[in-house]
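Hi,

Here is the structure I said I would pass on to you.

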Amino acid sequence: MSSPSNTAQSNSSGAWTEPPWCGWIETTGDALLILEAARRGIIPRVTRRLVDSERKMITSGSVFVFDEDESGIKRWTDGFFWSPSRILGNFLLYRETDKRGAGHRGLRSEPSDYSDSPQHGVKVEDASLSRPKSEVTRMGIDKHRERTLVGSLTNSYKFKPDGLMKKTFSLTIGGVSQHLISYYKIEDVEQGRLRPPSSIPELAALDISPEYLDKTHFRNPPKVEIGLDGIPRYRGEADEIDLSPRLYPPLSTGVPLLTEGRVPSPSSEAGSAGGAGKRTKRFDPYTPGGTKRTRKPK
């Protein structure tokens, strides 16, 4: 188990031995918390392409963050076979397939996971898919919850049984692109084995940098408000993709930050950070002071 002060890679060989963070990226806010934690050095960023031996650590819950300029990575590769991407809010979703084949245009992971990033409105490849015996149906997940987990990727006989989902997020700040790549299995999320950063006090308490909250970065801008201190803060997802709250088991105190994505034992005691601030006016980065612009009558 790594401690919060340690990086997730070996100091002796420089090889990655575990992913930078383990958990479930559910919302735009969760993605922004991980990017903020990486910006502050709380979790490490990937600074080079993973070698083949390091790809073994890509399992359900693995989350990676990298900066294009710092890492030199233009296309993230992982050695898996994936379906075409689908847009879900501010994310791109992929689903693991058995092999390269018809209906998937021979895509492995070599094409960029973010070349058709939803923020930029680029059309995502649309393939004809047919519904399989789906684990989400078997688990009795309702349609809304199914959408948050697999988006529209429910209809292909090529999907690998009990395979991974890949969920990616991209943000460009000052001309430099930052990317988050996450992996999960549907059952692990539903069984509470993976936790979002917003449920972990050490991460949930972070103030997201104002430049990360500019609505021009997003296809579906999240709800952002200016506090009494004049600082914009994330307040939730856009209405059209608002996700219902989820309940998670309490964390035991002192759980290592780099691995607290796993659920602790039932005997662990709670520790939560809460407190709701006073709601104030909506932040609008397009106008001075965040105030809403009104049109003059003609």
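This is a predicted model: local features need pLDDT of at least 70, side-chain atom pairs count only at pLDDT 80 or more; totals for chains, interfaces and linings use all residues.

Before anything else, one term: a residue counts as buried when its relative accessible area is under 20%, and as exposed when that value is over 50%.

Now the overall picture. The protein has 298 residues, and 51% of them count as buried. You will find 6 helices and 8 strands. Reading from the N terminus, their order is β-α-β-α-β-β-α-α-β-β-α-α-β-β. If you take the contacts with a separation of 6 or more, residues 24 or more positions apart account for 70% of them.

Next, the sheet. An open sheet is built from 6 strands, in the order E1-E2-E6-E5-E4-E3, with antiparallel pairing. Which strands sit at the edges? They are E1 (21–22) and E3, each of which pairs on one side only. As a bit of background, strands of a sheet pair through backbone hydrogen bonds, in either a parallel or an antiparallel way. Further in, E2 and strand E6 (residues 176–184) run antiparallel and are joined by 5 bridges. One to look up is Val65, whose bridge partner in E6 is Leu180.

Searching the whole structure turns up 9 aromatic pairs. One of them is Phe66 with Trp76: the ring centres are 5.5 Å apart and the planes are at 15°. Why does that pair count as stacked? Because planes under 30 degrees apart are called stacked, and 15° falls under that cut-off. Phe66 lies in strand E2 (residues 62–67), while Trp76 is in the loop between helix H2 (68–71) and strand E3 (86–88), so the pair ties together parts that are 10 residues apart in sequence.

The charged end of Lys166 is over the ring of Tyr94, 5.0 Å from the ring centre. Likewise, the charged end of Lys167 sits over the ring of Phe91, with 4.4 Å to the centre.

Last stop: Asp188. You will find Asp188 in helix H5 (residues 186–190). Its relative accessible area is 13%, so Asp188 is buried. What does the side chain of Asp188 join up with? It makes a polar contact of 2.7 Å with the side chain of Arg193. Leaving out residues up to four places away in sequence, Asp188 touches Ser60, Arg193 and Leu194.

That is what I have for now. Happy browsing!

Cheers

Terms used. Residues are numbered from 1 along each chain as its sequence is written. Side-chain values use heavy atoms; hydrogens and water are left out. Rings of Phe, Tyr and Trp (its six-membered ring) pair if their centres lie within 6.5 Å; planes under 30 degrees apart count as stacked, over 60 as edge-to-face and the rest as tilted. Helices (H or I, at least four residues) and strands (E, at least two) are DSSP runs, numbered from the N terminus. A charge sits over a ring if NZ of Lys or CZ of Arg is within 6 Å of the ring centre and within 35 degrees of the ring normal. Buried means under 20% relative accessible area, exposed over 50%, partly exposed in between (1.4 Å probe, protein chains only). Contact means heavy atoms within 4.5 Å. A polar contact is a pair of N or O atoms within 3.5 Å; within protein, one must be able to donate a hydrogen and the other to accept it, and residues adjacent in sequence count only if both atoms are side-chain atoms. Two strands pair if DSSP finds at least two bridges between them.
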